[in-house]
Amino acid sequence: MNMAGDEIRLAGLQDLDGIMALEKAGFSRGWSAKSWAEEISDHYVVVAGDGLGVIAMSAVAGTVELLRVIVAPQAQGRGLGRALVSHGLEWAEHFGATDVFLEVSASNQAAIQLYESCGFTPLDRRTDYYGPGDDALVYRRVIQPPAGVGQTPIDVVQAPVDVVLPPDVILTQSGSPSHSHGTDSSTTPEETSCPNR
Ligand SMILES: CC(C)(COP(=O)(O)OP(=O)(O)OC[C@H]1O[C@@H](n2cnc3c(N)ncnc32)[C@H](O)[C@@H]1OP(=O)(O)O)[C@@H](O)C(=O)NCCC(=O)NCCS
């Protein structure tokens, strides 16, 4: 597939239709258009290329969460998921976060492999979080602080990630991190983290 023109850029509401197409291809149960619109407005959402991928991140009190990453079926398996996660980690580092957390279905092997290959390590397991028999795994990625700033043993990156984007993925914009999380008590696990497909 020709990657020319594929770029990672900040999402806007004009990207909502493309993001919903990704959402529907990626998950059988998932975020609504309203949820995605709120993410775009309140948090950090970037899209890749012409509707090929999306990642959503949030930041609360210095802790960043990776909420969602989706790659279009026809673009999977060629490094775009890793490029998006790497971009999210760079954003978290720029923001000054010490950790990035995420939740993912224990049965979502592609996502688990992706996250572990990006240096995330398992922290907790939430039984039946997404429904009976569908547990959530909580993962954490420690962010390397700038040299000499707050460097303690726990801050050491456990598995450095290659943050070099594929040559044909061009970073064109970056957004400002938001401090508001934007989820409320009515949201379901599917609306706040990564279920299985
Ligand atoms: C998970 C997902 C984002 C991966 O995107 P991708 O672009 O295909 O991933 P990459 O090509 O960057 O692969 C990076 C690593 O992820 C892992 N991986 C990706 N697809 C995999 C699969 N089907 N099975 C096992 N591991 C897989 C591998 O470790 C891979 O590294 P490698 O190529 O060196 O072996 C994609 O499969 C997807 O959109 N799934 C549906 C939505 C979803 O479940 N999102 C995650 C939870 S929010």
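Modeller: Axes here are lines fitted to C-alpha atoms, for helices over the stretch in contact, with angles from 0 to 180 degrees between N-to-C directions. This is a predicted model, where local features need pLDDT of at least 70 and side-chain atom pairs count only at pLDDT 80 or more, while totals for chains, interfaces and linings use all residues. Residues are numbered from 1 along each chain as its sequence is written.

Biologist: Thanks! At what angle do the axes of α1 and α2 cross, then?

Modeller: Roughly 125 degrees, and the axes come within 10 Å. Helix α1 covers residues 16-26 and helix α2 residues 33-42. Helices (H or I, at least four residues) and strands (E, at least two) are DSSP runs numbered from the N terminus.

Biologist: Which residues of α1 and α2 meet there?

Modeller: From α1 come Leu16, Ile19, Met20 and Glu23, and from α2 Ala33, Trp36 and Ala37. Contact is C-beta atoms, placed from the backbone, within 7 Å.

Biologist: Zooming out, how many helices and strands does the chain have?

Modeller: Five helices and eight strands. Following the sequence, you read β-α-α-β-β-β-α-β-α-β-β-β-α.

Biologist: And what share of the chain is buried?

Modeller: Of the 197 residues, 35% are buried: that takes 20 or more other C-beta atoms within 10 Å, against 12 or fewer for exposed and partly exposed in between.

Biologist: Which residues have the most contacts inside the largest nonpolar core?

Modeller: Val54, Ile55, Met57 and Leu84, in a core of 44 residues. Helix α3 (residues 80-95) gives the largest share of this core, seven residues. Such a core joins buried Ala, Val, Leu, Ile, Met, Phe, Trp, Tyr and Cys through C-beta atoms within 7 Å.

Biologist: What is Met57 in contact with, beyond four places in sequence?

Modeller: Its partners include His43, Tyr44, Val64, Leu66, Trp91 and Ala92.

Biologist: New topic: is Val100 buried or exposed?

Modeller: Buried, because Val100 has 27 C-beta neighbours inside 10 Å. Val100 sits in strand β5 (residues 99-105). Past four places in sequence, Val100 is in contact with residues including Leu89, Arg141 and Ile143. Thr63 is 37 residues from Val100 in sequence, yet their C-alpha atoms are 6.3 Å apart.

Biologist: And where is Gln144 found?

Modeller: In the loop between β7 (136-142) and β8 (170-171). Gln144 counts as partly exposed because it has 15 C-beta neighbours inside 10 Å. Gln144 and Glu93 are 51 residues apart in sequence but 7.5 Å apart in space, C-alpha to C-alpha.

Biologist: What share of the chain's contacts between residues at least 6 apart joins residues at least 24 apart?

Modeller: That share is 69%.

Note on methods
Contact = placed C-beta atoms within 7 Å.
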